[in-house]
Amino acid sequence: GEGGALSVICTGGHLCKGSLSLTATSFADCSGFGDGGAVYVRGSPHVSISDSSFEDCSAIGRGGAVFVEHGFYGQSTASVSNSSFHRCSTLPFSSSIYRPRYGGGLALVTNGRAAVLGSSFTQCYAEEDGGGLMITDYATTSGSRDQIVAGAQVLSSAIAPDIVLGSSRFYNCSTGISGGCFAAYTPRNLTIVDTDFIFGSAGLIAGGLHVRRLSGFFELVRSSFQNNTAANRVGAFYYEPNNWDFYSLGGGKRAVVRDTSFTGNVGLVD
């Protein structure tokens, strides 16, 4: 079922007030026939994972090691810090019933704030998007316009970022479709800082990073893309803003890429 080692579910909607905290915890060789190979969390508004490790975990669904889905109510938070995801994956499923299989290490579906800091994703694989990490919101999964966030090191920006990925490392992660290392779909604002994307690969687009339908601002700062490949387009980084929401933040969007290096990345077909 959901969550090979741990499953936490709150079905009370806006009445869910509790939190889940995992500290200095190790998960190895866990598997789930569904979402979350090791840990499955749904409905809990506050989730924190720190100083923990996930190794050789797999799921026939979303989140090879960890799957977190916040409810529609309030400002939820998710924090992942100083943790490692090694050889975690989402697996193929031979059935006529479709199951999404994204986020080889970690999958977050959220309408609140989150943090992914000081963490590593190594040799993780997703059948679909986000070989190491996938973050999405209800606009992608359920049709809502609630916002998504994954982050946690706020830069000196005029607009506080909703999503920040900081001081993290992706190495040799891969995906069958897009975002070999990291895929972020439908976030409001996204900041990536001090993060390395190395030897990522994608069966279709963006071996390193795929940002799709962005509605807010985007910052990529002090990061590196090294030797990432994609079988179709853009070896390192593919950015798709959401033109429908161009003026949604009162002044339109902006994209900033600075102090970032691109070395040896290859898009095999253009």
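Predicted model: local features only at pLDDT ≥ 70, side-chain atom pairs only at ≥ 80, totals over all residues.
How far is the sulfur of C124 from the closest cysteine sulfur, and in which residue does that sulfur lie? The closest cysteine sulfur belongs to C173 and is 4.6 Å away, too far for a bond. Residues are numbered from 1 along each chain as its sequence is written, and side-chain values use heavy atoms, with hydrogens and water left out.

The structure holds zero disulfides, a disulfide being a pair of cysteine sulfur atoms within 2.5 Å. C57 is in no disulfide, and its nearest cysteine sulfur, that of C30, is 4.4 Å away. C57 is buried, with a relative accessible area of 1%, and C124 likewise counts as buried at 1% relative accessibility. Here buried stands for under 20% relative accessible area, exposed for over 50%, and partly exposed for what lies in between (1.4 Å probe, protein chains only).

As for the overall fold, the protein contains one helix and 32 strands. These elements are DSSP runs numbered from the N terminus, with helices (H or I) of at least four residues and strands (E) of at least two. Of the 270 residues, 54% are buried. The protein exposes about 10500 Å², and carbon and sulfur atoms supply 51% of that area; accessible areas come from the Shrake-Rupley method with a 1.4 Å probe, and for residues only the protein chains shown count as cover. Among contacts (heavy atoms within 4.5 Å) between residues at least 6 apart in sequence, 83% join residues at least 24 apart.

Two open sheets can be followed strand by strand, where two strands pair if DSSP finds at least two bridges between them.

Strand β5 (residues 39–42) runs parallel to β9 and is joined to it by four bridges, with Y40 opposite F67. Strand β13 (residues 106–109) also pairs with β9 in the parallel sense over four bridges, and there A107 stands opposite F67. Further along, five bridges join the parallel strands β25 and β29, and Y238 in β29 is the bridge partner of H210.

The other open sheet is formed by eight strands in the order β3-β7-β11-β15-β19-β23-β27-β31, again with parallel pairing. Because β3 (26–28) and β31 (261–263) stand at the edges with a single partner strand each, one side of each is left without a neighbour in the sheet. Strands β19 (residues 169–171) and β23 (residues 196–198) pair in the parallel sense over three bridges, and D196 in β23 is the bridge partner of R169.

T195 lies in the loop between β22 (190–193) and β23 and is buried at 0% relative accessibility. A polar atom of its side chain lies 3.4 Å from the backbone nitrogen of S168, and one lies 3.1 Å from the backbone oxygen of V193. Leaving out residues up to four places away in sequence, T195 touches several residues, including L165, F170 and R222.

Most residues other than glycine have a negative phi. N82, in the loop between β10 (77–81) and β11 (84–86), has a positive phi near 50 degrees and is partly exposed, with a relative accessible area of 47%. A206, in the loop between β24 (201–202) and β25 (209–214), has a positive phi near 65 degrees, but this residue is buried at 0% relative accessibility.

Definitions and conventions
Polar contact = N/O pair within 3.5 Å; in protein donor to acceptor, adjacent residues only side chain to side chain.
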